[in-house]
Amino acid sequence: MAGDPTLVAVRPPFFDSPTTRGLFDARTRAYWSVDSFGANVPHAAEDAADLDRAVWREGVLLVNRLKHPWHLWLDQSKFHAHLDRVQKLSIEVIPSCHGPAIHGSMVDQTFELLRRVPDVPTWIEPGQDFLGAVIATAAAEPAPV
């Protein structure tokens, strides 16, 4: 117990430590789930509904590819079974530390996006060529005005 709500510890779909747990509040139907439902967004937003849907979807897939590069090694059937268990909590809101809050029907949409993550190619990180270009640009003389 943490005051009035009864919180249930539930392992989130994605995590970076074996001890990571999300917290589900059965009274408010809110699920705090660390990084799992984050999204890279182009501007500040408190609610995912305030974002362009295509941009938000790509943001969810990007965050989960970047933070969890091991997504390619997931056993899809086991991962989907775990998503099913979490989704059956009937979550109504997902506050996120790495993106806007997700409400209502967007909760189920997010679970469907997470189901796709094992099939999404890994994000290709910038390499030495990119670093060299950044250093060269930073060292270059500014163009005359």
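Tutor: In what follows, a helix is a DSSP run of H or I with at least four residues and a strand is a run of E with at least two, each numbered from the N terminus. The model is predicted: local features need pLDDT of at least 70 and side-chain atom pairs count only at pLDDT 80 or more, while totals for chains, interfaces and linings use all residues. Residues are numbered from 1 along each chain as its sequence is written, and side-chain values use heavy atoms, with hydrogens and water left out.

Student: How much accessible area does the nonpolar surface patch of Leu7, Leu23 and Trp32 have together?

Tutor: Patches consist of residues with over 30% relative accessible area and no salt bridge, like charges being joined within 9 Å and nonpolar side chains (Val, Leu, Ile, Met, Phe, Trp, Tyr) within 5 Å. The areas come from the Shrake-Rupley method with a 1.4 Å probe, and for residues only the protein chains shown count as cover. For Leu7, Leu23 and Trp32 together, the accessible area is about 250 Å².

Student: Which residue forms a salt bridge with Asp35, and why does the pair tie together parts that are apart in sequence?

Tutor: A salt bridge is a side-chain nitrogen of Lys or Arg within 4 Å of a carboxyl oxygen of Asp or Glu, and by this rule there are three. Asp35 is in the loop between β3 and α1 and its partner is in helix α1, so the pair joins parts that are 32 residues apart in sequence. The N to O distance is 3.0 Å, and the partner of Asp35 is Lys67.

Student: With which residues beyond its sequence neighbours is Asp35 in contact?

Tutor: Asp35 lies in the loop between β3 and α1. Neighbours within four places in sequence aside, the residues in contact with Asp35 are Asp16, Val63, Asn64, Lys67, His68 and His98.

Student: Which residues are linked in a network of salt bridges?

Tutor: Arg115 pairs with Asp84, with the closest N and O atoms 2.7 Å apart; this pair links helix α3 to helix α2, its residues being 31 apart. Arg115 also pairs with Glu112, here with closest N and O atoms 3.2 Å apart, and these two are about one helical turn apart because they are three residues apart in helix α3. Arg115 counts as buried at 13% relative accessibility, while Asp84 at 33% and Glu112 at 42% are partly exposed. The network consists of Asp84, Glu112 and Arg115.

Student: Which residues form one aromatic cluster?

Tutor: Rings of Phe, Tyr and Trp (its six-membered ring) pair if their centres lie within 6.5 Å, with planes under 30 degrees apart stacked, over 60 edge-to-face and the rest tilted; the structure holds five aromatic pairs. Phe14 and Trp70 have ring centres 5.6 Å apart and planes at 55°, so this pair is tilted, and it ties together the loop between β1 (7–10) and β2 (22–25) and the loop between α1 and α2, 56 residues apart in sequence. Phe15 and Trp70 are likewise tilted, with centres 6.4 Å apart and planes at 55°. The cluster is formed by Phe14, Phe15, Trp70 and Phe79.

Student: What is the relative accessibility of Phe14?

Tutor: Trp70 is partly exposed, with a relative accessible area of 26%, and Phe15 is partly exposed, with 22%. Phe14 counts as buried, its relative accessibility being 0%.

How values were computed:
Buried means under 20% relative accessible area, exposed over 50%, partly exposed in between (1.4 Å probe, protein chains only). Contact means heavy atoms within 4.5 Å.
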